[in-house]
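Open the model in your viewer and keep the sequence panel beside it. The stops below go from the whole chain to single residues.

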Amino acid sequence: MKFLRQFSIILSVSFLGELLHAAIPLPVPASVYGLGLMLTALCTGVLKVKQVKETADFLIEIMPVMFIPAAVGLLDAWPQLQPIWIPIALITLFTTIIVMAVTGRVTQYMIRKKTSSESKRNKDTVHFISAKTDTEDDRHERNSY
């Protein structure tokens, strides 16, 4: 019953994405609207992760199976794709490499930024503690005369 409820929630959000797609005249797929609505609902607390987690995990696990119909469709469209398959393959290869490189660079930048901000915060804390200790030592020296 829990899976049915969670799946109903996910389908409802997807349906709302379909309604937005029909209502808003932008070239944005309905699935993108649905994902945006799901993200907004999760971030605002309207939906809790535990309300959809198990079904979402299941859908992610079976995602490769969902590509089978698309692959069969490509095989069915082979006569139209045959004259242009080399440019499509090259474009796919190069864009995949570019996406991987940009993703890696952004990730490295974010990790470095996080590491430097943590080390700066730790350095400021150490400096604050040592300055406070020096002040206490100075007071102690003045009181001992």
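The tour starts with the ground rules and then moves through the selections.

This is a predicted model, in which local features need pLDDT of at least 70 and side-chain atom pairs count only at pLDDT 80 or more, while totals for chains, interfaces and linings use all residues. Residues are numbered from 1 along each chain as its sequence is written, and side-chain values use heavy atoms, with hydrogens and water left out.

**Whole chain.** Show the chain as a cartoon: there are seven helices and zero strands, counted as DSSP runs numbered from the N terminus (helices H or I, at least four residues; strands E, at least two). Of the 145 residues in the chain, 9% are buried, where buried means under 20% relative accessible area, exposed over 50% and partly exposed in between (1.4 Å probe, protein chains only).

**The nonpolar core.** Select Ile9, Ile10, Val13, Met38, Ala41, Leu47 and Val52, the seven residues of the largest nonpolar core. Such a core is a set of buried Ala, Val, Leu, Ile, Met, Phe, Trp, Tyr and Cys residues joined through side-chain atoms within 4.5 Å. Helix 1 and helix 2 each give at least two residues to this core, and the largest share, three residues, is from helix 1.

**The largest pocket.** Next, select Ile10, Ser14, Gly34, Leu35 and Met38, which are the closest to the centre of the largest pocket among its 16 lining residues. A pocket is an open set of points on a 1 Å grid over the protein atoms alone, where a 1.4 Å probe fits, with protein on both sides within 12 Å along at least five of seven lines; lining residues have an atom within 4 Å of a point. Helix 1 (2-23), helix 2 (30-44) and helix 3 (53-61) are the elements that give two or more residues to this lining. Colour helix 2 to see the largest share of the lining, six residues.

**Gly36.** Stay on helix 2 and pick Gly36. Draw a C-alpha to C-alpha distance from Gly36 to Gly17: the two are 8.3 Å apart in space and 19 residues apart in sequence.

**Lys2 and Phe3.** Finally, show the side chains of Lys2 and Phe3: the charged end of Lys2 sits over the ring of Phe3, 5.8 Å from the ring centre. This requires NZ of Lys or CZ of Arg within 6 Å of the ring centre and within 35 degrees of the ring normal.
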